[in-house]
Amino acid sequence: MKIEQQHIDQIRKQFASMQNKEDLLALLNETKTILYAKKTKPFELKSLTYYANPEFSANRYIKFVVKKKSGGERSIHAPVKGLKSILRALNFVLQCIYEPHNAATGFVINKSIVDNAKVHVGNHYVYNLDLKDFFHSFNRNRIKMSFMHEPFNLHSEREPLAFMLASLCTHPLELNGQILHVLPQGSPTSPTITNILCKKLDKRLTGLANRFGAKYTRYADDLSFSSPHNIYKNEDFNKELERIIAEDHIINIRNKKVEIGLQLHINRKKTRLQKSVYRQEVTGLIVNNKVNVNQRYLKQIRMWIYYWEKYGYEKAQQIFIKDYLADKGHLKKRNANLGNVLDGKLEFLKMVKGEDDSTYKTLKNRYDKIIGAISPIKIVLDIWENEGIEKAMEVFTRLKNS
């Protein structure tokens, strides 16, 4: 369903009048109906109460580990189906109510990594930083406090709702020998909540960038600066940058500094300064002269389409899966489908280059031609078998409308 301003206004009004968990349940059910534009099974109060109870936290998330290309491991905590559905609705509620800082471009309605990259096009220097253990740096108390203040205003008699929402969105994890209730990486609400909690950080880093004639954006835990001059060896700039990031978890209450979370840290291994004479990237996109994908991305699309044209679908799928697992096997599914991956890559290419771009149109026409030569039902059934019914229905809808 297309989201209209009237839906956003409705959610804001309903949230403002919310007094108890029954009202929260009604809001989430209304939001679910808006999102899916069809009759859906409503959430039940007992489910909402169960998933919000920290004592039952062990049953709410499933932990799995994905290998990093660098050789390390990353722990992902995925909410179980019932909680995931609640958090998706809650995430949209939060996005409707809160407007993040302009520098925040990740997980913001009507913004993408293209918007993030555009800001930095054509500068002589691009400086990328990564924040270490980003999601785990935000604890339940800090999240609760954010819900107690504007624009949520869940204070006084409504404070229990702030705690309930904070409990829904956090999970107990062992960090440095302690069990802390923090944002899990893998939850639908975690990126949106970091945008809420990082508004002060984004404001101060934007001010720092302006002082030194630079531009600044943040996409989740990726910070990017760009400028015509090399300010990144400037001692004043670096000291202020580190101070702002280190003090993000501190607020002033009655003229006293109070810690409300864990300290953010720069990941030194992922800090890069890129000069214009070399390839400059921001969140994976080229920004030297215009926003673009890298040549390897295009080469893969051309290569896999060529295999399909030359050898047919079955043989092309066999070749593709070997290449794909060698490149992405550390984090992708082993049963990836060639047609589905190509479809997704072409959609991304269109978002970056535009639907009128000649390169995109040429590749899309070749793809459509080979897709048209085989039964769409075969493609959908293959995706259903390997990647599940939700992905199969998504591709079926796209094929039907093309």
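Predicted model: local features only at pLDDT ≥ 70, side-chain atom pairs only at ≥ 80, totals over all residues.
Local features need pLDDT of at least 70 and side-chain atom pairs count only at pLDDT 80 or more, while totals for chains, interfaces and linings use all residues. Residues are numbered from 1 along each chain as its sequence is written, and side-chain values use heavy atoms, with hydrogens and water left out.

Helices (DSSP runs of H or I, at least four residues) and strands (E, at least two) are numbered from the N terminus. The axes of helix α4 (residues 81-97) and helix α7 (residues 159-169) come within 11 Å. They cross at roughly 125°, with axes fitted to C-alpha atoms over the stretch in contact and angles running from 0 to 180 degrees between N-to-C directions. α4 and α7 are therefore oblique to each other; angles under 35 degrees count as roughly parallel, over 145 as roughly antiparallel, 65 to 115 as roughly perpendicular and the rest as oblique. In the contact (heavy atoms within 4.5 Å), L83, L87 and L90 of α4 meet L165, L168 and C169 of α7. The residues of this contact comprise six nonpolar, no polar and no charged, where Leu and Cys are among those counted as nonpolar.

Strand β3 (residues 125-132) is mostly covered. Seven of its eight residues are buried, meaning under 20% relative accessible area with a 1.4 Å probe, protein chains only. Strands pair if DSSP finds at least two bridges between them. β3 pairs antiparallel with strand β7 (residues 222-227) over six bridges. There, V126 has S226 as its bridge partner. Four bridges join β3 to strand β11 (residues 272-275), also antiparallel. N128 stands opposite R272 of β11. Strand β10 (residues 265-266) pairs with β3 in the antiparallel sense over two bridges. K132 has H265 of β10 as its bridge partner.

Methods:
Buried < 20%, exposed > 50% of the residue type's maximum accessible area, 1.4 Å probe, protein only.
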